[in-house]
Amino acid sequence: MTIVLGIESTAHTFGVGIASSDGIIFANVNDTYRPASGGIHPREASEHHSKFASELLRKALNVSGFSFSDIDGIAIALGPGLGPCLRVGATLARFLALLHKKPLIPVNHAIAHIEIARLNTGFEDPLVIYVAGGNTIITTFKDKKYRIFGETLDIPLGNCLDVFAREIGLRYPGVPKVEQIAQRGKMYIEMPYTVKGQDLSYSGLLTYALKLVKEEKYKLEDVCYSLVETAYSMLVEVSERALSFLNKKEVLITGGLARSKILSEKLSLMVADHDSVFKPVSPEYAGDNGAMIAYTGALALDAGVSIPVDESYVRPLWRMDEVDIPWRRE
Ligand code: FE2
């Protein structure tokens, strides 16, 4: 059994997890930076991470009951993410790897969202819908890599709803609050529905919804309802096309939007039409967390993946489809 300590710091969450390659999560300790106003400021988020890093590391070791002599490697999410935030986690991971003479394992954050969701749902070979504040991607494993079968061309779906919520004065977390208001809506207002082939665009939709709120011509609940319906339907459309093309028997949603009951219900109805099974990842593993980095790091280390410390640069734009997945077979 390979046991790995993993560090997550790609965006607003700093997390430390400890997990084994056979899927036991020994610790998952996280803290999320919440700006007083506006979106994530990378420097402020990185200051949060520096402040909480040692406390979270200590907590994770305490919860697991392990010391560094029990740990086989240190995994770090090197990207994609915000440079200043990535560097805090990377610095700590390199230091721990050198100090305790452990291999350093590079983990792609998006792939970690997939692997923790496969573990959590028990799905072997799913079509994966990865939707969060920072990503909107439809993917599945094929020929050694996670291949992309649709993604956003501009802002992610989660970001579209988060920014909308913030602009109309709703505090964090924005998505459930917009959904709550949307549930009172009765009238659908036509909105920009932008699907290009298998790709999505959400920025025009956001601008249009905000314009409608400003004009005060429609009730807020109808604008929210129309925004949510349009945004989710676009995603369901490309997911359905990917599913019928790839013929997968399992479909999962991972990332922060896996917590949305409305989105999961829509996906689940579509998936049932194709005689496949749908599951969302559990809420505790939906958002960014240290456990997913630890678990993916353990799978990777078992398959022989590690990186010399002096080559462990952060990769803010690291695409998931560049990464070889030696722990999975066709
Ligand atoms: Fe994430």
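Two strands are said to pair if DSSP finds at least two bridges between them. With that in mind, I would like to present this structure, which is a predicted model.

I begin with the strands. Strand β6, residues 127-131, pairs with β11 in the parallel sense, and four bridges join them. Within that pairing, Ile129 has Ile253 of β11 as its bridge partner. Strand β11 also pairs with strand β12, residues 277-280, again in the parallel sense and over four bridges. Here Glu250 stands opposite Val277 in β12. Between β11 and β12 the chain passes through helix α8, residues 261-273, and this β-α-β crossover is right-handed.

How many of the residues of β11 are buried? In this strand, residues 250-254, five of five are buried. Both of its faces are covered: one side carries Glu250, Leu252 and Thr254, and the other carries Val251 and Ile253.

I turn now to the metal site. Which residues supply the protein donors of the iron ion? They are His109 and His113, each through NE2, and Asp288 through OD, at 2.1 to 2.2 Å from the ion. Along the sequence, the spacing of these donor residues is H-x3-H-x174-D. Both histidines belong to helix α3, residues 109-121, where they sit four residues apart, or about one turn of the helix.

Terms used. Residues numbered from 1 in each chain as written. Predicted model: local features only at pLDDT ≥ 70, side-chain atom pairs only at ≥ 80, totals over all residues. Heavy atoms only, no water. Donors = N, O, S within 2.8 Å, 3.2 Å for Na, K, Ca; no water. Helix = DSSP H or I, 4+ residues; strand = E, 2+ residues; numbered from the N terminus. Buried < 20%, exposed > 50% of the residue type's maximum accessible area, 1.4 Å probe, protein only. Right-handed = clockwise from strand over helix to strand, strands pointing away.
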